[in-house]
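Thanks, everyone. I have a few minutes on one model, so please have a look at it first and I will go through some local features.

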Amino acid sequence: MSALSFARVSAGYHGRAVLNAVSAVFAAGAVSGLVGPNGAGKTTLLRTALGLLPASGGVIRLLGKPLPAWPREARAKAMAYLPQSADAHWPLVARRLVALGRMPHRTALAPLAAADLRAVDEALARCDALSLAERRMDELSAGERARVLLARALATGAPVLLADEPAAHLDPAHQLRLMELLRDEAARGTAVIVTLHDLSLAARYCDQVVVLDGGSVAAAGPPDAALADDVLNRVFNVSAVRTTGSDGVLALIGWKSA
Amino acid sequence: MSAPNATGTRAKRPLRLTALRLFGASPVNGEGKQNSRSRFFSPPLAGEVAREPFASAAEGAFVTLALLLLALAFGCISFFIGPANMAPRDLIAGLFSGHGASGIIAQQIRLPRAALALIVGGALGASGAALQGLFRNPLAEPGVTGVTSCAGLGAVIALYFGLAAVHPAFLPAFAILGALASAGVLYILSRRGAGVMALVLAGVAIASLATAVTALVLSVAPNPYAMSEMVLWMMGSLKDRTLADLLFAAPLVVAGIAFLASAARGLDALTLGEEVAHSLGVNVAGVRMRIVFGVALATGAATAAAGAVSFVGLVVPHLLRPFYGYEPARLILPSALGGAVLVAAADIAIRLIAPDGQLLLGVLTAMLGAPFFIWLILKLRREP
């Protein structure tokens, strides 16, 4: 079943088209990677899905219903968002920051209910951040902050999660851990849609990859098909080395500019 | 934001526990409290690490109560201090009876001054907290962003054209219009993606322009007496305010703070940036509108009543923020209380330092606030 689908969606800024008739289907329970060169429209696609940017053409469906038909609060419960280089502007205590993810489930003045507290603790625990719960955001390292911010997005418990470059600015160990956390989330039935610059992460952790080039879909499908040599050559101007990891998983490394 | 504070928070735990038990039932800061109580009064869940959830909830409640008591205390002291040496007993009797010299002094002079100090401070403190939350920067403040100057300009225009004499409501109305104009410009700039430094600099430009136009209005003032009146008024003072001033300012300030409080939840979400706030179901444009309008109402009415009193909105939220877990929503009402305490205290201080009235309220707050502002900039520059 498709949790989020794009049917010939176009969008842009100030009359300049960034997305041209993009069609893509993002399944529940899978990690879908959005890859493409800089300026290919990855972030714009996420912004359009969130309703931050109106589509100038085509239809976006969230859980089967056209996006504009969703009331704001219901949409917030259905779709969570982790932005690029996410950070907290005030040094909140981590647990309180994660609790912001429960906002769609609460009315204006209601205190955090038991269900909210459980969801916050669970999200922290899943992100290995329970020990950071009482620390202030400015006391944490970049990798720890990234885990807490992911916990914030997970705490919403939305069936669709959009993450924009969550692995950027993280060291290799944190990158791998973060991708594993996204896989865990998908295993719980969530449609995880993640933009990635790192092709090897995309090849290794995504069930499905959509390659964007100049605002159009250049390729889509399982990683080995979507990231085939000719696509990499045409879209990214690189050739790749493919090898097998110690666990038998195929690894792809962008090797040489073509 | 400094490390010593964090250790301080830990050291104070026994105090907070006591405070929690003392005030556990008072719903000062709703959400944290509920949680703290349930954690303290029920056994911890199996396998869970024992810890204090939402650390500063009880501390916040304690500080809020202390601020409330301080505001009331300073309000009372302000009421009892003045050039006419009257016994407190006579003043209280006069306040309720309204008869004789004590009645006139209590009702027409002391009460407006004491109450206006609290109301003006409340307006400025809450406005500062809300603007800082909206711009996500501790340097935002009605004075720094030019809102106060524009409110002053509006009021001076109302005075100059004699509108304030036609109906007393024109003065606050024009001050609010002036505040709305400058807050509106900041709002539009922030919508266009102006960074925080750009906004602060735009505020400086707006303030300079408003000051220049105010100077123009003053220099073509009909007579020197009117000019000196306007100049003194612009410097910020609570001297010689009437009951009418109080009755105009109070409801407008309360309405303004109510607008700000209604947007509080959105400010919390804005901690994560505007796009995440949108994804959390917050109407970001609506939050901006309510804050701009609330700040214009509260600051405009306060400026109409007291002239330009700057830096209160800068200092108070900054000092209180650590007690409320740096959460913008929880900070608004305590900042109103803190502002009331600060302005009432400053107004008492100037009467004790210079009983003849040479020292004006706005002058004192600027003399204390400007160095604080510079210190804050240096501190922020040091942080990564």
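Let me start with Arg183(A), which is partly exposed because its relative accessible area is 28%. The cut-offs are under 20% for buried and over 50% for exposed, with partly exposed in between, using a 1.4 Å probe and protein chains only. The partner of Arg183(A) in a salt bridge is Asp207(A), with 3.0 Å between the closest N and O atoms. A salt bridge here is a side-chain nitrogen of Lys or Arg within 4 Å of a carboxyl oxygen of Asp or Glu. Asp207(A) also counts as partly exposed, at 33% relative accessibility.

Before going on, the conventions. This is a predicted model, where local features need pLDDT of at least 70 and side-chain atom pairs count only at pLDDT 80 or more, while totals for chains, interfaces and linings use all residues. Residues are numbered from 1 along each chain as its sequence is written, chains are lettered from A and ligands numbered from 1 in the order in which they are written, and side-chain values use heavy atoms, with hydrogens and water left out.

Over all chains, the count is 19 salt bridges. In chain A, a network of them links Arg95(A), Asp121(A) and Glu134(A). Moving to chain B, Arg113(B) and Asp347(B) form a salt bridge at 2.8 Å, N to O. This pair links distant parts of the chain: Arg113(B) is in helix H6 (residues 100–135) and Asp347(B) in helix H17 (residues 328–353), 234 residues apart. Helices and strands are DSSP runs, numbered from the N terminus: H or I with at least four residues for helices, E with at least two for strands.

Are those two side chains buried or exposed? Arg113(B) is buried because its relative accessible area is 13%, and Asp347(B) is buried at 0%. Glu327(B) and Arg330(B) are both buried as well, and their side chains meet in a salt bridge at 3.5 Å, N to O.

Last, the sheet in chain A. Four strands form an open antiparallel sheet in the order S2-S1-S4-S5. Its edge strands are S2 (16–27) and S5 (65–66) of chain A, each pairing on one side only. Pairing requires that DSSP finds at least two bridges between two strands. Strand S1 (residues 2–13) and strand S4 (residues 57–62) of chain A are joined by five bridges, and Phe6(A) has Ile60(A) as its bridge partner in S4(A).

That is what I have; questions are welcome.
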